[in-house]
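This report describes a protein chain from its overall layout down to single residues. The sequence and the model are shown first.

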Amino acid sequence: FYPYGGGAQSLFDDLVALLAAQGIRVTVWTETPTPGRAIGRRRGAVVIRREAPEIPRTRAALPGFLRRAVRHLAWFRALARRGDVAAICIARLDHAAWYPLALRRLGLFRGRIVVYLHGAELRLLQRQWRVFRWLVVAAFRTADVVVAPSVELRDEAVEAWPGVAGRIRLI
């Protein structure tokens, strides 16, 4: 919690520590800006900080974005293959979530994908930005498990996308 991080960050910090304590190798890819090295350790996990290309808001920026996105997708695939990744947990749906979802849809990642909901994805962001709605739909179609932190959010997700009902879990 503030000033150290939000509830989702503390939840995933605890999850990382639990997995690492059980001898499971954990790599965290994050865009969270922090001072220091690009690769570090935190609670038993390797932490890699790298920015994903932002989705352009104008057509003129699209060609440059596509080149950067293809390079980033290749980097992410290499990271997943090199680390023998069995599961990817998407802690926040944003532009960076497209990469693991795309790898799965292209058949280049066969591990499990878990998506954690915060609420803004359903209640606000998809109404403001059409591309974000596509991201939510892609996440719901692709994820093996969708995690909701409340009964209300679970019910909203199931109401909006009935197909996710059998894969949504409440924590």
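## Phe 132 in helix α5

Phe 132 counts as buried, at 4% relative accessibility; buried means under 20% relative accessible area, exposed over 50%, and partly exposed in between, with a 1.4 Å probe and protein chains only. The residue lies in helix α5. Eleven residues along the chain separate Phe 132 from Glu 121, and their C-alpha atoms are 7.9 Å apart.

## Basis of the model

This is a predicted model, in which local features need pLDDT of at least 70 and side-chain atom pairs count only at pLDDT 80 or more, while totals for chains, interfaces and linings use all residues. Residues are numbered from 1 along each chain as its sequence is written, and side-chain values use heavy atoms, with hydrogens and water left out.

## Overall layout

The protein chain contains six helices and seven strands. Helices (H or I, at least four residues) and strands (E, at least two) are DSSP runs, numbered from the N terminus. Read from the N terminus, the order of the elements is α-β-β-β-α-β-α-β-α-α-β-α-β.

Of the 171 residues in the protein chain, 38% are buried. The accessible surface is about 10,700 Å², and carbon and sulfur atoms account for 57% of that surface; accessible areas come from the Shrake-Rupley method with a 1.4 Å probe, and for residues only the protein chains shown count as cover. Contact means heavy atoms within 4.5 Å. Among contacts between residues at least 6 apart in sequence, 56% join residues at least 24 apart.

## The largest nonpolar core

The largest nonpolar core holds 36 residues. Such a core is a set of buried Ala, Val, Leu, Ile, Met, Phe, Trp, Tyr and Cys residues joined through side-chain atoms within 4.5 Å. Ile 90, Leu 93, Val 115, Leu 117, Leu 122 and Phe 140 have the most contacts inside the core. Two or more residues each come from α2 (62-82), β4 (87-90), α3 (98-105), β5 (112-116), α5 (130-142), β6 (145-148) and α6 (151-160).

With neighbours within four places in sequence set aside, Leu 117 is in contact with Leu 122, Phe 140, Val 146, Val 147, Pro 149, Leu 153, Ala 157 and Ile 168.

## Packing of α2 against α3

Helices α2 and α3 pack at an angle of about 70 degrees, and their axes are 10 Å apart. Axes are lines fitted to C-alpha atoms, for helices over the stretch in contact, and angles run from 0 to 180 degrees between N-to-C directions. The two helices are therefore roughly perpendicular to each other; under 35 degrees counts as roughly parallel, over 145 as roughly antiparallel, 65 to 115 as roughly perpendicular and the rest as oblique.

On the α2 side, the contact is made by Phe 65, Ala 69, His 72, Leu 73, Phe 76 and Arg 77, and on the α3 side by Tyr 99, Pro 100, Ala 102 and Leu 103. These residues divide into eight nonpolar, one polar and one charged. Here Ala, Val, Leu, Ile, Met, Phe, Trp, Tyr, Cys and Pro count as nonpolar, Asp, Glu, Lys and Arg as charged, and the others, Gly among them, as polar.

Tyr 99, Pro 100, Leu 101, Leu 103 and Arg 104 are buried in α3. Just after this helix, Gly 107 takes a positive phi of about 80 degrees.

Arg 104 has a relative accessible area of 19% and is buried. Beyond neighbours within four places in sequence, Arg 104 is in contact with Phe 109, Gly 111, Arg 112, Ile 113, Thr 142 and Asp 144. Thr 142, in helix α5, is buried at 5% relative accessibility. With neighbours within four places again left out, Thr 142 is in contact with Leu 101, Arg 104, Arg 105 and Ile 113.

## Two loop residues

Ala 97 is in the loop between β4 and α3 and is buried, with a relative accessible area of 3%. Not counting residues up to four places away in sequence, Ala 97 touches Ile 90, Arg 92 and Leu 135. Ala 97 and Val 136 are 39 residues apart in sequence and 9.7 Å apart in space, C-alpha to C-alpha.

Pro 162 lies in the loop between α6 and β7 (168-170) and is exposed, with a relative accessible area of 58%. The C-alpha atoms of Pro 162 and Phe 140 are separated by 9.9 Å, with the two residues 22 residues apart along the chain.
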